[in-house]
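Reader: Hey, can you help me find my way around this model? I'd like to start with single residues.

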Amino acid sequence: MLAEVYLPLPLNQTYTYRFREGETQFGCRVSVPFGKRKLTGFVVNVKEDQKTDFEIKEIIKSVDKTPIFTSELLDTAKWMSKVYIASVGQILSMMIPSGRRESESALFSAEESFTPIKMLSEEQQSALDEINNNPGETFYLYGVTGSGKSEVYLRAAEEVIRQGRKVIYLVPEITLTHQLLSDISLRFSNRVALLHSALTPSQRLKHWHKIINGEADIAIGARSAVFAPFKDVGLIIIDEEHENSYKSGQTPRYHARQVAQKRAANMHSTLVMGSATPSLEAYLSMKKGAMKRLDLKTKVAGGAEAKVKIVNMLKESRTISKELEEEIRSALHDRAGVILFLNRRGYTNYYHCNSCGHVEECPNCSIALTYHKSSERMVCHYCGYSTPLVSHCSKCGSHDMSVAGFGTERVEEEAGKLFPSARIARLDTDVASGDKEKVKKTIEDFKKGEIDILLGTQMVAKGLNFPRLRLVGVILADSTLSVPDFRSEERTFSLLEQVKGRAGRYRDDGRVVIQTYRVDDNAIKAVRDQKVAEFYENELEIRKSLGFPPFTRLVALTLRSRNEDSVRKASDELYLLLERVISKSGYSDVYVIGKNPCIIYKKASNFRYQILLSGENFIHLNTIVKVSLERYHTPSNIYIEIDVDPLSLL
């Protein structure tokens, strides 16, 4: 017998191998020879043996006894190959867990207990009825923080499962808490499969087989769970649809929302997304009627909108302003919880010379090193480079060095001096990466009132619910605004609105203090004044006038090389080729926005240039990129990253 096999290579074709009948079948992985290498490939067709004029090599062995992907998943992979300009083999390799054997994974503890909500609110019931009565449609649960979106998702899932179909439930990695997973497992009689990055490949394979073998009704996980190999999906849920983590940062750079839309169309599934802060793409889709908007305006656990105060930091000399200090003292006096949020790790932003102004940078990346006082080291948060704190300037030799900016460590130190009797804990990725049990204990201690002030980055801003929390202090709202990206306003608004939602979830006295140097910024004022619709409409007008998404589509081509001259020359050549292909195509709606060094020019010892293309018609844009890359002879020391619909231009 002959097997047609896709290999995990940037080559969009199948390779044929011979095998003995019964050794493998469609949907299995096989180990095959390829040149001098041995690769794991994916069988996508089998046929009778036939005589050929060339040698056909034999499969070394079959990795799987039974199929681990379906024809629908193969169809999805082929679609993704066209959209994201990557090979089918690369996509299948990314989709399917790489584990070779199943592994035991104890993920739930017996002491957890699930308490279902007794009755839905009128808004929740209305939204649920709409979803249940209109199978195959696309809905958006536009609900304020604490409005009970999760309960609507789960009730809709129960109904779909009752009808004999399956459910995929996507949540951002940051909200994949042990409690959530335990509750869902108990609610659905443990017929739950988990697909997320905290599992080892072999554990993921175990859950993958659970789906294949019909032992699971619902798959829950972050981005990659969108590929759960169910044969008949009745419902796909995307919670917190606005989250950037749904976009892959590695080839193929897919967006889970787009893949979910494709799979929902394949299997005539209902698609339900939700957020308190929809992406601009989703907001425009609702406005156009492409998806039905279901509003949830009431907090089911009670509570009221938190009162927001903006503090102008131009008048302050400390990281914690006098106004925020007073609010913290008031909350501590009443034994209420306080969260201080800063979207920046470390002690300071950068370490610089007062004599010549030189900033100490990473030798591998063109960004400033962040000073971490706890370890007395300077660290690069992109490549992980670390070095002891220097005593003199590496450029002029001066010993007059100082720190500028601030991170979570410095705020923690200042809070400790201002509130010496308060119990303070820090929660950021520096803490989390070392000890997951410590993270869990910190959250539980804050819930129980054993921690008074919880300080952290995005980990504390989203997905966590604390009934005793009264005050959220945003130490510096400008960190996301300062990023040179057309989405910076949208991201700032979303982050601040999500942070605000923590404070007013269960209480009527929730307070938010936003510290900023830019008090007149649109995003900051919109959060304070609760002019949400006005913010979205204004942002849409700006994007439309500039020709940016969601009114156009973008493709970013990033060329990188360890040789600076090579990457500069290669980007010039590719830019000219793209211009020629566009000119000959006759597509007047596609154009090259520009060719520039990346904002982070050097990263992990690679010099980087970016070419950005825009188009109103995605088929035209996609065709231009494909044709140009097929004609371009990429030098051996150049690597090209293709990012369709990029979320970051750094």
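Reader: Is Phe446 buried or exposed?
Author: Phe446 counts as buried, because its relative accessibility is 0%. Buried means under 20% relative accessible area, exposed over 50%, partly exposed in between (1.4 Å probe, protein chains only). This is a predicted model, where local features need pLDDT of at least 70, side-chain atom pairs count only at pLDDT 80 or more, and totals for chains, interfaces and linings use all residues. Residues are numbered from 1 along each chain as its sequence is written, and side-chain values use heavy atoms, without hydrogens or water.

Reader: Ok, and what about Phe466, buried or exposed?
Author: Phe466 has 2% relative accessibility, so Phe466 counts as buried.

Reader: How many aromatic pairs are there?
Author: There are 14 aromatic pairs. Rings of Phe, Tyr and Trp (its six-membered ring) pair if their centres lie within 6.5 Å; planes under 30 degrees apart are stacked, over 60 edge-to-face, and the rest tilted.
Author: One of them is Phe446 with Phe466: the ring centres are 4.9 Å apart and the planes are at 85°, so this pair is edge-to-face.

Reader: Where do those two sit in the chain?
Author: Phe446 is in helix 12 (residues 436-448), while Phe466 is in the loop between helix 13 (458-461) and strand 22 (469-474), so the pair ties together parts 20 residues apart in sequence. Helices (H or I, at least four residues) and strands (E, at least two) are DSSP runs, numbered from the N terminus.

Reader: Why does the pair Phe486 and Phe548 count as stacked?
Author: Because the planes of Phe486 and Phe548 are at 5°, with ring centres 4.5 Å apart. Phe486 lies in the loop between helix 14 (478-481) and helix 15 (488-503), and Phe548 in the loop between helix 17 (532-546) and strand 24 (553-561), so this pair ties together parts 62 residues apart in sequence. Both Phe486 and Phe548 are buried.

Reader: Which residues form an aromatic cluster?
Author: Tyr283, Phe493, Phe535 and Tyr536 form one.

Reader: New topic: which residues in the largest nonpolar core touch the most other members?
Author: They are Leu92, Met95, Phe227, Ile514, Leu557, Leu574 and Leu613, in a core of 111 residues. Such a core is a set of buried Ala, Val, Leu, Ile, Met, Phe, Trp, Tyr and Cys residues joined through side-chain atoms within 4.5 Å. Helix 18 (residues 564-585) provides the largest share of this core, with 7 residues.
Author: Another core, of 31 residues, lies apart from it, and includes Leu120, Ala127, Ile131 and Ile220.
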